[in-house]
Each structure stands twice: as C-alpha cells, then as structure tokens.
Amino acid sequence: MQQNKFIPIYEPLLGGNESKYLNECINTGWISSKGRFVTEFETSFNSFIGSSHALSASNGTVALHLALEALGIKPGDEIIVPDLTFAASINAILYCGATPVLADIEKETFNMDFSKVEKLITSKTKAIMPVHLYGLACDMDECLSIAKKHNLLVVEDAAEAFGSEFNGQKLGSFGDVATFSFYGNKTITTGEGGMITFKNQEVYQKAKVLRDHGMDPQKTYWHNFIGYNYRMTNMQAAIGLAQIERIDDILKQKIKIAQHYRNRLENVPGVSFVSESEKKLNTYWLVTILVDPDQFGLSRNDLQNKLKENNIDSRPVFFSLHIMPPYKEYHKIDLTNSKYVSNNGISLPSSLNLSTEDLDRICDCIISLHKN
Ligand SMILES: *Cc1c(COP(=O)(O)O)cnc(C)c1O
C-alpha cells in the first residue's frame, strides 16, 4: 500500500509563515490589494533578483500583458517568441494586438535558438521574448547582443525560472522587463500571482498606473488612458512573502531532486537531460527529460502510461504553438526542434517534499521499463 502511493507531478509546500501571515490579513481586515504584505513581497523580490523595480500582479499572464503595454507594444509591432512555451507567452503579445513571430529552439536546452533569430528580424520587430523554459537560462549574452545590434527590447518570461542564474546573475535582471508566475506549481507560489521586474523607472511607473485602472496617481478617479485591474491581493502577497523567506532551502531542494534524477537516469539509453553549463545555474522548475523511442524502447506517451499504471504522475512537454489553431498563422520558418522536443519530452515529479525513496521508486520504474 504505502509503497504504491500516488506521486503527483507537483505539490506546493506551504510549511513556513504562510498561515500566520494569512491569518494576519483576516484578523486585521487587510484582505484586498492594500496592506503591508504587497509592498514587503515586492521589496524582498526586487532585492532577491537584483532588479531596479518590482511590481506584483494578479497572475503571470497579466504580468506579461502589463509589461508589454508599459513598454508601448502596439498593433503592427512584431515580437519574436519561442515556438515551445506555455501559451501565455504568445497570448500576451496578441492581447496587445502585436504580431508574434515564432522561433525554433535548441534540443539541448529547450530554449530559443538565437543563432536562427536574426533572420526573423524585420523593420517591424520591436522586441524579443526569451522564455527560460523549465528553469534553464537562455544564453543572455547572445540575446542581449542581438537586441543591442538591432535596437530591440528584451522581455524575459522567467515564469519557470525564479532563482536561476546566467553568469552569476539572477534571471529577471537582464531584460528591459521580466515576468514571473506564482501559480500553485511554480517555484514559489501565491495560489495565483505574478511579478514584473523593470530596468527603467518610467516603464515601472507606467505599468503601475495601468495595473490600477489607468488612474492618475495625483488625481483620483481621473483616467488618462484605459487601464486594468491587475493587482495582487494582500493575501496572495502574504503567502508569497512566507515563500520567499525560505527561498534558499527551496532552491537547494529543487537542485538536489534534479541531481538525484540525473545520477540515476543519465546513462539510461534513450534518456537525455538538458545540457549543463558553467554559465548557468539551473533551478529545475520541473525535471524534464527527452525520450528517444528507438533507444529507450518506448515512446514518451507509452512511458507516461506505464508510469501512470505505477501510480506515478508525469507531464508531457508543451505542444508546439504553431500546430494549434490560434497560432498557425505565425508559423514562418522551420520549427523541427520544437516539434521534436514537444513529442519526446516528459516532465517527472518535482515536488519539494519528494523523499529519496519516492525518487528511487520513479527511477527504478523508468529503468525497468527500458530493460523490458
Ligand atoms: C506559468 C507560466 C506563465 C503564466 O503564468 P500564470 O501565473 O499561470 O498566468 C507564463 N509563461 C510561462 C512560460 C509559464 O510557465
């Protein structure tokens, strides 16, 4: 019985001050978007990332929309986005009426292949959106050098990469703006929630006003443009603050889990992990492997079904955006690698509370499936 308990793909861990801070919100009545936790969460987030400004939002998707609007993205503008990402990345571009341009990825990192990006740039290109997928940094040296050469804005979608680094610097501190998500399965969670980090003070101020209905900060109920209500509540921020207080332990545990998987599975024929690099600190949001059906003996989908029979949850990699109805028309170039990773990638259980026994049960199962 015990041995066969269900292992979910991800469970949030709320073992610190979460309930204490949340109770404070309820006991004091500060349950809406005013209150001490919103500012405290933004401040500690900003100093952790090493960014200039941080602004909280209701979720990671509206954080992206707000960031793009604050940068002045408008209809007619083109933004380069990877073909393999969560739909929110491309949807936010479409909310602005701008045109996404799909880029292929590298099989070794699952991230945008910058060597193929320059040929996508036109006179309409305004920005490039690197998505640090599953916690692994995009090569920000390459990204920033292309952006500089062509005078493009950089919008980092760091939803899956909170705490990850490139050249010793936290992701979210490279782009003109960067966004994060605190959905229940993300590295830190607020239930639903998001954050934007900014380089430029004016862009930050613009986003702040847009987040609050576009209301003039000096003149209450006066609106100079159409804004939104994209605010985070004090209750969400209370949970976020409690989560970020334990961030060092959380990241250590995530890396430890990934190392356990790598040690046990790296040499299994047909199983491969994303490449490691001195320049990158990967915090492994979800540990994700590629399964080569010929070498492994089972397809990704078959492996998923077998794991399920053993009460082990898993998750396929995202679908390539260009094969789905709303995004087909943005398919301009060859997207072979994106399709390959989408068809053969699988994320393994990555909760912080996984025991060594749980991890070994998952690895034993995968190894035995290969042998058969
Ligand atoms: C989770 C996620 C988002 C959006 O976050 P929500 O908080 O769920 O709206 C955006 N981009 C990527 C890559 C994500 O994984």
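Predicted model: local features only at pLDDT ≥ 70, side-chain atom pairs only at ≥ 80, totals over all residues.
**Notebook: a ligand and its surroundings**

I started with the ligand and found 14 residues around it, the closest being Gly60, Thr61, Glu160, Ser181 and Lys186.

I got four nonpolar, seven polar and three charged residues.

Which side chain has an N or O atom 2.8 Å from a nitrogen atom of the ligand? That turned out to be Asp157. Ser181, already on my list of the closest residues, has a polar side-chain atom 2.7 Å from an oxygen atom of the ligand.

How much of the ligand does the protein bury? Taken alone, the ligand exposes 380 Å², and the protein buries 92% of that.

I also checked the pockets. The ligand takes up the space of the second largest pocket. Two elements give two or more residues each to the shell: helix 3 (60–70) and helix 4 (87–95).

Last, I zoomed out to the whole chain. I noted twelve helices and 14 strands. The C-alpha trace spans about 70 × 55 × 35 Å along its principal axes. Does that go with a compact globule or against it? With 372 residues, a compact globule would have a radius of gyration near 21 Å, and the chain has 21 Å, so the two agree.

Conventions
Residues numbered from 1 in each chain as written. Heavy atoms only, no water. Near = heavy atom within 4 Å. Polar contact = N/O pair within 3.5 Å; in protein donor to acceptor, adjacent residues only side chain to side chain. Areas by Shrake-Rupley, 256 points an atom, 1.4 Å probe, with all protein chains shown as cover. 1 Å grid on protein atoms, 1.4 Å probe; cavity = no way out; pocket = protein on both sides within 12 Å on 5 of 7 lines; lining within 4 Å. Sits in = over half its atoms within 2 Å of the grid points. Helix = DSSP H or I, 4+ residues; strand = E, 2+ residues; numbered from the N terminus. Nonpolar A, V, L, I, M, F, W, Y, C, P; charged D, E, K, R; others polar. Rg over C-alpha atoms; globule rule 2.2 N^0.38 Å.
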